[in-house]
Amino acid sequence: MNLEELKINPNPEPPELIKKIARSFVKKGETYNVFPHKIICNYEKYYYVSFYPKEDKLTGILIIHENGNIPHKKNIIEVLDYVATVDAEMENIFIYGSKWSQRPMEIWKKGQSLLKSFSELVHASDDEDLKKGYEVFCSIPQIMFETQDQLKEIVEKAKDLYRELTTDYLMTKEYFEKVDKTHLHMMESMKKQFEVQIETEKERKQFLKRLRKTISLSDIRKWFLYLRLLKFHRWLNADSATKAEYQNFKADVSREKATEQTRKKLIAMIRNPRG
Amino acid sequence: MMGFLIALVSISISFGPGFVVFAEGEGSFNAPPINEDFYQPKEGEKPKPHQPINDTNTQIQAKDQKQPAKQEKKEDDGPGIWDVLKFMSKDVVTDTAAAIEPNIYNEARYDIITGQWENPNANGVLYTSLVKVPRSLLGNLYFQDGSIGKIAIDTWDGAEKTLDAWNKYKTLRELNRLQRMNESTTISIFQKTQIQKKIGCLKTVTKFAKGVGFASLGISAIDAGKNFVDAFKADNSQEAYKLIAKGIGSTGEMLIAGGQILGPTGPGVFLMATGTLLWAGSALYTHREGIKKGVKKAINGVKSAWNKIFG
């Protein structure tokens, strides 16, 4: 994905005044970088500056008012949240969301077709549990297709949001909320995909047991299809590591807990006066 | 007595028929003549006296002139078919293709030296056609190994190869820096797009460039193989060593081509650096006599200048 092509306007050059102030906060061996967009928080406009000795090692943050004043640290935590969250969440959507949305769907199509071949047999049966198990099993590929489409839409929406900011390079609270909502939507779609695989294991197992009993011994074709469905079921079963990962993911879909430590570190790096 | 008889017979033989005729004329001996025609007067034109050969086509060889050795004659045969083929395919076709490559895709490229995006231009093609190809022509098909011309050309070529390897290393270093930057929180996602564009440009080895690299690798591999086989068949060890050195040089060129295919990666840079070292080692061995002579001349020049000034 070439994000550069999405830009409506190129990155604006930060004002000399801001650069001059940023330079006065540079420590020995450090470089500074003024983010191209302004952040509007409580009707005030701010610039966000990062300091680093090496490209991959952030050592300081400074938030400068558009007029050149340096606000107190306690007043600009919200500004930091906007910038850090928008950057991290956008990146998450463009890197992981984009890759996730492009996963091949062939396996789910095959699974759906396999399940369809047992449709008549299941509906002809009087066993309600078999029918219920069948519906649960059928819901897996269905949810996969739905969420996959949602993920594609989310990536497209994120592209629109990216374009939106590059028109005027102004980051507002509303913009931050839109990005946050889009990101949350993505995380929930991913959760659904996990959920439908991991949490249906028992039902699938029971369904296959019941299905085995309904297949006639002479129906070799159905037995062959059953074996393929069994293989599909086994493929869906997650190992203990994936299950543990899912539990963590489920407990913190919005990633608030996971990012709390990083947020604290960033706050500690702010060079604005404590006031 | 016996000794006297043997001496007499020896003398008779040594004087030949002339003596016998004299003896017959005197009547002492009545031996039949050896050849009846011998005494017959010669008919026809009198043979011309022996003249020194002055014909321009048949020069008399001076005593001090050396016979050309078989082997030297072999060396003076000039470039062989393979040399010409190698020059045409590697130095003309593949080098020109490599120079044309940026113009085929017609995309701006990020120059790590200037730090600017530069549009493709004809400079590379001009340099190849006006400098590189004629230089290779002189180096491969005209100048002999060890000659000043060949040493100068190989030094130039070696300097370019070293610069290529060094630039590849610098590209790799810049790529790593950009990748670190891309993964960090020091810059905004709205700035990262430019970084990602640079990464994409520096990282990419186009299919065409890979094709050119494989062609170059193939030609160098054949050349290396040919030199090693010839070394095995060589008449003497000196010739064999020379061919082995040339084979090592071609192996170096093979590694350089491999490095070009891999692009700015760790293994790619390693191959280019190793290849350049092998090539340089081979060139030094091939021209060692010429280099020695040059060094000696230079030392003597300095000595005589010293003597003239201070002596």
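This is a predicted model: local features need pLDDT of at least 70, side-chain atom pairs count only at pLDDT 80 or more; totals for chains, interfaces and linings use all residues.
Good morning, colleagues. I shall begin with the residue itself. D87(A) sits in helix α2 of chain A, which covers residues 77–101.

What, then, lies around D87(A)? A polar atom of its side chain is 3.0 Å from the backbone nitrogen of I189(B). Leaving aside residues up to four places away in sequence, D87(A) touches F35(A) in its own chain and I187(B), S188(B) and I189(B) in the other.

K192(B) does form a salt bridge, but with E91(A), at 2.7 Å from N to O. Between chain A and chain B the count is one salt bridge. Polar contacts across this interface number eleven residue pairs, both partners being at pLDDT 80 or more. On the chain A side, β1, β3, α2 and α5 each supply at least two residues, and α2(A) gives the largest share, four residues. By class, that side has twelve nonpolar, five polar and seven charged residues.

Finally, the interface as a whole. In total, 24 residues of chain A are in contact with 17 of chain B. The two chains bury about 1800 Å² between them, with 57% of it on carbon and sulfur atoms. E4(A), E55(A) and E91(A) supply 32% of the area that chain A buries against chain B, more than any other three residues.

Thank you for your attention.

Technical notes. Residues are numbered from 1 along each chain as its sequence is written. Chains are lettered from A and ligands numbered from 1 in the order in which they are written. Side-chain values use heavy atoms; hydrogens and water are left out. A polar contact is a pair of N or O atoms within 3.5 Å; within protein, one must be able to donate a hydrogen and the other to accept it, and residues adjacent in sequence count only if both atoms are side-chain atoms. Contact means heavy atoms within 4.5 Å. Buried area is the accessible area (1.4 Å probe) that two parts lose on being put together, summed over both. A salt bridge is a side-chain nitrogen of Lys or Arg within 4 Å of a carboxyl oxygen of Asp or Glu. Ala, Val, Leu, Ile, Met, Phe, Trp, Tyr, Cys and Pro count as nonpolar, Asp, Glu, Lys and Arg as charged, and the others, Gly among them, as polar.
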